[in-house]
Amino acid sequence: MKDNFSNHAADYAKFRPTYPQELYTFLFEIVQNKSKAWDVATGNGQVAVELSKVFTEVLATDLSAKQLAEAPQVENITYRVQTAEEPFDTQEQFDLITVAQAIHWFDFDKFYNQVKAHLKPDGVFAVIGYSVLETSGKLNEVIQHFYKGITAPYWDPERKYLDDHYQSIPFPFQEIETPKFAMPIYWTADELLNYLNTWSAVKHYEKANAKNPLHLIRDDVYKHWGAKEKREFNFPLLLRVGNV
């Protein structure tokens with residue numbers, strides 16, 4: 001698994017979008033027991049914190065100690081530096097296993113073996129994510145050009161799974177039908193630019209060219225922003241849920 005985020009863990013924690021509460025409500029409704037949950041590749045602990053509000057115990061693992069250092073310290077969350085594929089005690093069994101915006105980096109076969117080893121018979125496995133954001137008007141053209149044009153050569157190959165909305169990943173589970181969820185975010189121009197700056201492709205561009213590609217669109221972002229301080233952006237929310 002690649003680690004593209006340790007070097008800017010604080011920015012990642014601060015500027016990444018959050019998932020809607022309706023998503024968590026749905027997951028909590030279909031999980032029968034709420035004793036233990038495992039959030040894989042937890043990053044800054046965004047999902048783990050939500051799970052901790054309902055589950056008695058939450059294990060939150062990530063390969064990046066720097067990412068985990070940015071996660072909120074909650075009494076019933078245990079943070080552990082550990083890869084998604086790394087075997088551990090099979091006595092640790094979970095009612096819900098989640099992985100958000102990360103499965104495309106995994107070795108699928110090894111990770112799925114882990115899920116099957118640690119998911120309780122009546123447990124639920126959820127793959128969560130989001131693809132490139134959209135908005136209205138000329139500003140959307142600027143963002144899409146930044147994604148599909150300027151930064152396109154600098155994305156890792158695994159990005160294609162997000163572009164495919166996770167429909168092309170293997171999913172060897174009994175799939176559960178899920179509703180469609182909206183993922184609206186309201187940002188200022190600076191918040192948008194700060195978010196774009198967390199893209200792994202932006203970091204790859206910087207490394208290759210010794211400059212940040214955001215300077216190529218910054219003026220256009222402000223030019224096409226409009227009169228309101230905050231604008232609405234929508235992320236396609238990706239969700240696949242199943243059990244063994």
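Start with strand β4 (residues 94–100) and strand β5, which pair in the parallel sense over six bridges. Pairing here requires that DSSP finds at least two bridges between two strands. Helices (H or I, at least four residues) and strands (E, at least two) are DSSP runs, numbered from the N terminus. This is a predicted model, so local features need pLDDT of at least 70 and side-chain atom pairs count only at pLDDT 80 or more, while totals for chains, interfaces and linings use all residues. Residues are numbered from 1 along each chain as its sequence is written, and side-chain values use heavy atoms, with hydrogens and water left out.

**Stop 1: strand β5**

Select residues 119–130, strand β5. Nine of its 12 residues are buried. Buried means under 20% relative accessible area, exposed over 50%, and partly exposed in between (1.4 Å probe, protein chains only). Now pick Ile97: Phe125 in β5 stands opposite. Centre on Tyr130 and find Leu237 of β9 opposite.

**Stop 2: the crossover and helix α5**

Show β4, helix α5 (residues 108–118) and β5 together. They make a right-handed β-α-β unit. The term right-handed applies if, with the strands pointing away from the viewer, the path from the first strand over the helix to the second runs clockwise.

Which residues of α5 are buried? Select Phe108, Phe111, Tyr112, Gln114, Val115 and His118. Seen down the axis of α5, these buried residues fall within an arc of 150 degrees, so they line one face of the helix. The arc is that of the directions from the helix axis to the C-beta atoms. The buried residues of α5 pack against β1 (36–40), β4, β5 and α7 (159–163). Contact means heavy atoms within 4.5 Å. Turn to the other side of α5 for Asp109, Lys110 and Asn113, which are exposed.

Then go to the N-terminal end of α5, capped by Asp107. A side-chain oxygen of Asp107 lies 3.3 Å from the backbone nitrogen of Asp109. A polar contact is a pair of N or O atoms within 3.5 Å; within protein, one must be able to donate a hydrogen and the other to accept it, and residues adjacent in sequence count only if both atoms are side-chain atoms.

In the loop between β4 and α5, select Gln101. Gln101 is not a glycine, yet has a positive phi of about 55 degrees. Is Gln101 buried or exposed? Gln101 is buried, with a relative accessible area of 8%.

**Stop 3: the cores**

Select Tyr19, Leu133, Leu192, Leu196, Trp199 and Val221. Of the 56 residues in the largest nonpolar core, these touch the most other members. A nonpolar core is a set of buried Ala, Val, Leu, Ile, Met, Phe, Trp, Tyr and Cys residues joined through side-chain atoms within 4.5 Å. Helix α6 (residues 137–150) gives this core its largest share, six residues. Apart from this core lies another, of 27 residues, with Ile97, Tyr112, Ile169 and Phe173 among them.

Zoom in on Val221. Not counting residues up to four places away in sequence, Val221 touches Leu139, Val142, Ala189, Leu192 and Leu193.

**Stop 4**

Move to helix α8 (residues 189–196). Ala189, Leu192, Leu193, Tyr195 and Leu196 are buried there. They cover an arc of only 160 degrees around the axis, which puts them on the same side of α8.

Now select Phe15, in helix α1 (residues 9–15). Phe15 counts as buried, at 15% relative accessibility. Phe15 and Leu196 are 181 residues apart in sequence, but 8.8 Å apart in space, C-alpha to C-alpha. Leaving aside neighbours within four places in sequence, Phe15 is in contact with Trp187, Asn194, Tyr195 and Thr198.

Step into the loop between α8 and α9 (200–209) for Asn197. Asn197 counts as buried, at 18% relative accessibility. Beyond residues up to four places away in sequence, Asn197 touches Val202, Lys203, Asn212 and Leu214.

**Last stop: helix α9**

In α9, select Ser200, Ala201, Val202 and Tyr205, which are buried. The buried residues of α9 pack against α6 and α8. Just after α9, Ala210 takes a positive phi of about 60 degrees. Ala210 belongs to the loop between α9 and α10 (218–223). Ala210 is exposed, with a relative accessible area of 73%.
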